[in-house]
Amino acid sequence: MKKLSARRRHPLAALVVLLFALAATGGLYAALAPAGEAQADASAQSLAIEEGKKLYDVGCSSCHGAGGEGGSDGPSLVGVGAAAVDFQVGTGRMPLQAPGPQAPEKPVAYTQAEIDQLAAYVASLGPGPAVPDASSYDPSQGDAARGGELFRTNCTQCHNFTGQGGALTHGKEAPALDNVDPRYIYEAMVTGPSNMPSFPDTTLPEDEKQDILAWLHAVNTSESPNPGGFSLGGFGPVSEGLFAWTFGIGLLIAVAVWIGVSTAKARKS
Amino acid sequence: MSSHTEHTEARDDAQGGHLTESREGGAVAVADDPFADPGLPPHEPRRQDVDERAAKRSERTVAFLFTLSMLATVGFIVSYVAIPIDEIVFIWPFGHVSGLNFALGLTLGVALFCIGAGAIHWARTLMSDVEVAEERHAIEATPEVKAHVLEEFRKGGEESQIGRRKLVRNTMFGALALVPLSGVVLLRDLGPLPGTKLRHTAWKEGSLIINEATMQPLRPEDITVGSLTQAMPEGLDPHSEDFNVEIAKAAVMLVRLEPEDIKDERSADWGYEGILCYSKICTHIGCPATLYEQQTHHALCPCHQSTFDLADGARVLFGPAGHPLPQLRIRANDEGFLEALGDFDEPTGPSFWERG
């Protein structure tokens, strides 16, 4: 100790202490720093957000505002989450072509990679529902019978008993759900696009959403069996009655007329 | 051929004669009725009447139709036995249909249609088609028959002694008059009157609000702005006998609005932090009026488009409904669950005469 304290005023003492301190900091950092993979993820995520911001500035900011704060032409995107972007852009509803009662489905304008970047940027504006995992919207994992009950309680009033869609007020409509990717139906339930109410996991848990998707898959795809034949839009008595009255009774009248006309005579007059 | 020509000529003659006669003088024209019944046109034979080969052809057609019907009936029985009940086949343009349904419908349809078509073809081409006029007879009976019937009636009355034995007659009248009363008494089974049942629901003070999707009590934080939740009071068992009776009055929906969006102060007061709990039974004829547009805060009834503004105490904006949807007063209890403060303030569901 004596030797050490004797040299503490040596001109190189400060340098030695500095070297020790640096080695200790470096060692501690090496031992405690987050894993390298996570680091890469974080930078990929921030890269996606950056790229998404560029896409956003070009394609979305004119209506939704420079920072997603919304404006007179479009709602705020703070807190809508990645799922809303994936739904709106992934089904072609956004970017909007023209103002109207409701954004119609159109050909998709962005690639899935670009949509993911946009979603990452919008998700960074505020916490909101994330894009669901493929395992959470797999129709084959759900119970179609339970899903039918849930569908009739929560969805039928707008989307019809088998998801054929229906009219709303002032030119709005609940779209038909046949052949819609279950992922987008799931996202619509979570985010509540346009005038559709949302069904968050707190009131309609993930399992039950999957049951609903199973029900739609069972009744509403082009492969779903339809034992009775023509569904006539699935509207029930209205379209069925119209069909019976026009075609059925029309046919009967035609046959009755045929029975009543006089038979061909031997000689034309 | 010749008969037709002759007939036309004859008619031309008659017409020519009529015209000349009427020109000659009015007296003759009265005798010649200008609206005279022309009678039936002369009978014309069909090809089958004059051509035996055509008749044979008709016979074969009819027989073919009847045979087809027989084959279709056999086909019906075969498909009933052979096709499994759950087999789904693709048939254009019907889609993925039940093979059994399709085969049964098609074969039975063909079998019945061919019987009818065969019979009609038979009647039209082979059975006699000579027109026959049958004169109507008078509806009135002859005076002799009338007199006879009246005489018989009088004699019957005399022999039954109904005029003489007044006791028999009067008791018979009494019995006949009382019998219908038993039917009148049965009308009571249309009742009993509902009493105050329509004014009360299963909601009580402190009833937890059960989410219909999960059957768990709801917490305020479960319900986000823009969401829609279907709910019912605690204590209702979906498998119990009176579940449908109770849920038909007690079913509610919960929405959450931003507090500044709520226009009706009482409505905001009756909710909890912007969560409003309304009866979802339409006040028109009781469909579930849960077609909720989350941006406009309007709830519509899918049956007749009655529109309620949930931001304004469920005021009726449009449609046949006569009353706003009743609102349930709610609060959060000590454990953080939503609960009712009591029953609805007014009757839920369709309006009725004594509702007030």
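User: Where is Pro192(B) found?

Analyst: Pro192(B) is in the loop between helix H7 (166-186) and strand S3 (209-211) of chain B. Helices and strands here are DSSP runs numbered from the N terminus, with at least four residues of H or I for a helix and at least two of E for a strand. Before we go on, this is a predicted model: local features need pLDDT of at least 70 and side-chain atom pairs count only at pLDDT 80 or more, while totals for chains, interfaces and linings use all residues. Residues are numbered from 1 along each chain as its sequence is written, and chains are lettered from A and ligands numbered from 1 in the order in which they are written.

User: Is the peptide bond that joins Gly191(B) and Pro192(B) cis or trans?

Analyst: The bond from Gly191(B) to Pro192(B) is cis, with omega about 0°. Another cis peptide bond joins Met94(A) and Pro95(A), where omega is about -5°. Pro95(A) lies in the loop between H5 and H6 of chain A.

User: OK, H5(A) then. How many residues of H5(A) are buried?

Analyst: Ten of its ten, so H5(A) is largely enclosed by the rest of the structure. Buried means 20 or more other C-beta atoms within 10 Å of a residue's own, exposed means 12 or fewer, and partly exposed is in between, with C-beta atoms placed from the backbone. Among the buried residues of H5(A) are Val85(A), Asp86(A), Phe87(A) and Gln88(A).

User: What do the buried residues of H5(A) pack against?

Analyst: Helix H6 (112-125) and H9, both of chain A.

User: At what angle do H5(A) and H9(A) pack?

Analyst: H5 (residues 81-90) and H9 (residues 182-191) of chain A pack at about 130°, and their axes are 9 Å apart. The axes are lines fitted to C-alpha atoms, for helices over the stretch in contact, and angles run from 0 to 180 degrees between N-to-C directions. H5(A) and H9(A) are therefore oblique to each other. On that scale, under 35 degrees is roughly parallel, over 145 roughly antiparallel, 65 to 115 roughly perpendicular, and the rest oblique.

User: Which residues of H5(A) and H9(A) make the contact?

Analyst: H5(A) gives Gly81(A), Ala83(A), Ala84(A), Asp86(A), Phe87(A) and Gly90(A), and H9(A) gives Tyr184(A), Glu187(A), Ala188(A), Val190(A) and Thr191(A). Contact means that the C-beta atoms of two residues, placed from the backbone, lie within 7 Å. By class, that contact has six nonpolar, three polar and two charged residues. Ala, Val, Leu, Ile, Met, Phe, Trp, Tyr, Cys and Pro count as nonpolar, Asp, Glu, Lys and Arg as charged, and the others, Gly among them, as polar.

User: Which residue has a positive phi although it is not a glycine?

Analyst: His170(A) is one of them, at about 50°. His170(A) sits in the loop between strand S1 (166-167) and strand S2 (173-174) of chain A. With 10 C-beta neighbours inside 10 Å, it counts as exposed. In chain B, Gln305(B) has a positive phi of about 60° too, and Gln305(B) is partly exposed, with 17 other C-beta atoms within 10 Å. As background, most residues other than glycine have a negative phi.

User: Switching topic: how many residues of chain B are in contact with chain A?

Analyst: 43 residues of chain B, against 33 of chain A. Elements giving two or more residues to that side of chain B include helix H5 (99-125) and strand S4 (228-233) of chain B. The residues on that side of chain B divide into 15 nonpolar, 19 polar and nine charged.

User: How far apart are the domain centres in chain B and chain A?

Analyst: In chain B, domain 1 (47-125) and domain 2 (198-355) have C-alpha centres 57 Å apart. In chain A, domain 1 (42-125) and domain 2 (134-233) have C-alpha centres separated by 24 Å. The contact in chain A takes 13 residues from domain 1 and twelve from domain 2. Those bounds come from an automatic or database domain assignment.
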